[in-house]
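Work through the exercises below with the sequence and the coordinates side by side, and try each task before reading its solution.

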Amino acid sequence: MWGKRLMWIAWPAFLVAAVLEMVVFALVDPSDLHWFGSPLALSREAVYTLAFFVFWGLTMASSALTVLLATPQPEP
């Protein structure tokens, strides 16, 4: 059951993170990004990778919350 729930969480989150990645980086050039006023010292690929995992983590948290709230609770 846990494997099934994990796929309910991870797979939709993966798909949404991929779409977010495409939309964000169609509008933003990673070489133009700054962190506390200084340019990022990362390659474009590193920014793409880090952003994807951040997007995936956030959307997994959202999906996990949905699965948690949709799980029937036993009656007291």
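Contact here means heavy atoms within 4.5 Å, and helices (H or I, at least four residues) and strands (E, at least two) are DSSP runs numbered from the N terminus. The model is a predicted one, in which local features need pLDDT of at least 70 and side-chain atom pairs count only at pLDDT 80 or more, while totals for chains, interfaces and linings use all residues. Residues are numbered from 1 along each chain as its sequence is written, and side-chain values use heavy atoms, with hydrogens and water left out.

**Exercise 1.** Determine which residues of H1 are buried, and state which element they pack against.

Solution. Begin with the span: H1 has 26 residues and reaches 38 Å from its first C-alpha to its last, close to the 38 Å expected at 1.5 Å a residue, the expected span being 1.5 Å times one less than the number of residues. Next, apply the burial classes, in which buried means under 20% relative accessible area, exposed over 50%, and partly exposed in between (1.4 Å probe, protein chains only). The buried residues of H1 are then Ile9, Ala10, Ala13, Ala17, Glu21 and Phe25. An α-helix has 3.6 residues a turn, so residues three or four places apart point the same way. Finally, the partner of these buried H1 residues is H2.

**Exercise 2.** Classify serine 63 as buried or exposed, and list what serine 63 touches.

Solution. Serine 63 belongs to helix H2, and its relative accessible area of 16% makes it buried. Leaving aside residues up to four places away in sequence, serine 63 touches Ile9 and Ala13, both of which are among the buried residues of H1.

**Exercise 3.** Find how many salt bridges the structure holds, and describe the pairing.

Solution. Side chains of opposite charge can pair when their charged atoms come close. The criterion is a side-chain nitrogen of Lys or Arg within 4 Å of a carboxyl oxygen of Asp or Glu, and the structure holds one such salt bridge. It joins the side chains of arginine 44 and aspartate 29, at 3.0 Å from N to O. The pair links distant parts of the chain, 15 residues apart, with arginine 44 in helix H2 and aspartate 29 in the loop between H1 and strand E1 (34-35). As for accessibility, arginine 44 is partly exposed at 39%, and aspartate 29 is also partly exposed, at 26%.
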